[in-house]
Amino acid sequence: MPMIIGGSRAKYGEFPHQAEVGFVEEGGTMKDVKWFCGGSLISPNYVMTAAHCITSPLGKPRYVRFGLITKLSYSVTDNIHRVMQNILHPNYTTEGTSQYHDIALLKIAPPVEFSETLKPACLNRAHNVKSPTAIASGFGKLNYFDTKESLRLMKVVLDIINNDTCSKQETTLISSQLCATVMAGGKDTCQGDSGGPLQTIMPDLCMYNIIGITSYGRQCGHANTPAIYTRVSYYVPWIVHTVWPDQFPNSSLTTALAYRADQLKAERARVEKDSFLTSW
């Protein structure tokens, strides 16, 4: 099962919003940074990633970098920004091996200066994804049994699996999540891709529309085992309130979050836990 799993190499500038999240212990230098999770640039000062990346054993994210398609040759200071604040979604929880509300925002400095090869992606607002396929990208493992992540940015086209179908394999699924895979196997995201984007092409306005955040799944690339992604559309009110607070009234945010929290709480009471799921 080669590549991201079963994908191909990304071209320079193909994913101008793609970010890598870096971790380093207190007192460490830039050369000590471990780049493990992915993310997406959504504004000059904010990167969207998975909540479980922020709570990883590596500690909290300290840096974010952009514009990299290979780790074989790069400067340790190229397009690197410091993480000033880690913002978990207030309802983020883990139960067994499942991740709920697996989304976080990283406030970075200095602000990113946009260019043709470095610019934000759009956030999907429609709950129902119209496209039958989406593209996942990241530096994750090329094979489930690999000990290291990919040295090159990879991409793979995956089928969107509707939740009714997906829940037959993944009984922990709730409506704030979505599934993507190739059911025959051989194509998937894998460990190290966590926090990265699941995206559709949007020819007008933005190059890409992010529909999901890579969250967790089974052994990479196995048949009939969809990976689970955080459904971005559910969290647009929270994202907007955090990133652009002047554009979203507090009362509207409170109402939206309370309504969705009640919905998801009821769903979670019905799901069963699956011990084979692991975070990517």
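Predicted model: local features only at pLDDT ≥ 70, side-chain atom pairs only at ≥ 80, totals over all residues.
Good morning. Four bridges join strand β4 to strand β9, and the two run antiparallel. Within that pairing, valine 47 stands opposite leucine 106 in β9.

Let me widen the view to the whole sheet. Which strands close the barrel, and in what order? Six strands do so, in the order β2-β3-β4-β9-β6-β5, with antiparallel pairing. On average, neighbouring strands of this sheet are turned by 40° against each other, direction ignored.

Leucine 88 has alanine 104 of β9 as its bridge partner. Isoleucine 87 stands opposite leucine 105 in β9. Valine 83, in turn, is bridged to isoleucine 108 of β9.

Strand β6 also pairs with β5, residues 61-66, through three bridges, and these two strands run antiparallel. Here tyrosine 63 is found opposite arginine 82 in β6.

What packs on this sheet? Helix α3, residues 236-243, does, and it touches β3 (34-43), β4 (46-49), β6 and β9. The direction of helix α3 makes about 20° with that of β9.

Histidine 101 has a positive phi, about 55°, although it is not a glycine. Proline 110 itself lies in the loop between β9 and β10 (122-123).

How many cavities of 30 Å³ or more does the structure hold? There are three, and I shall take the second largest cavity, with a volume of about 40 Å³. Its lining consists of Gln18, Ala19, Glu20, Phe36, Cys37, Gly38, Gly138, Phe139 and Gly192. Strands β2 (18-23) and β3 are the elements that give two or more residues to this lining. By class, the lining of this cavity has four nonpolar residues, four polar and one charged. Domain 1 (18-109) and domain 2 (121-236) each supply at least three of the residues that line this cavity.

Finally, the second largest pocket. About 190 Å³ of space lies in it. Eleven residues line this pocket, and those nearest its centre are Trp35, Lys71, Glu149, Ser150 and Leu151. Which element gives the most to this lining? Strand β3 does, with three residues. The lining of the pocket divides into five nonpolar residues, one polar and five charged. As to domains, at least three residues of the pocket lining come from each of domain 1 (18-109) and domain 2 (121-236).

To bring these points together: strand β3 belongs to the barrel, is touched by helix α3, contributes two or more residues to the lining of the second largest cavity, and gives the most to the lining of the second largest pocket. Thank you for your attention.

Technical notes
Residues numbered from 1 in each chain as written. Heavy atoms only, no water. Pairing = 2+ DSSP bridges. Axes fitted to C-alpha atoms, helices over the stretch in contact; angles between N-to-C directions. Contact = heavy atoms within 4.5 Å. 1 Å grid on protein atoms, 1.4 Å probe; cavity = no way out; pocket = protein on both sides within 12 Å on 5 of 7 lines; lining within 4 Å. Points joined across faces, edges and corners; volume = space filled by probe spheres on them. Nonpolar A, V, L, I, M, F, W, Y, C, P; charged D, E, K, R; others polar. Domains from an automatic or database assignment.
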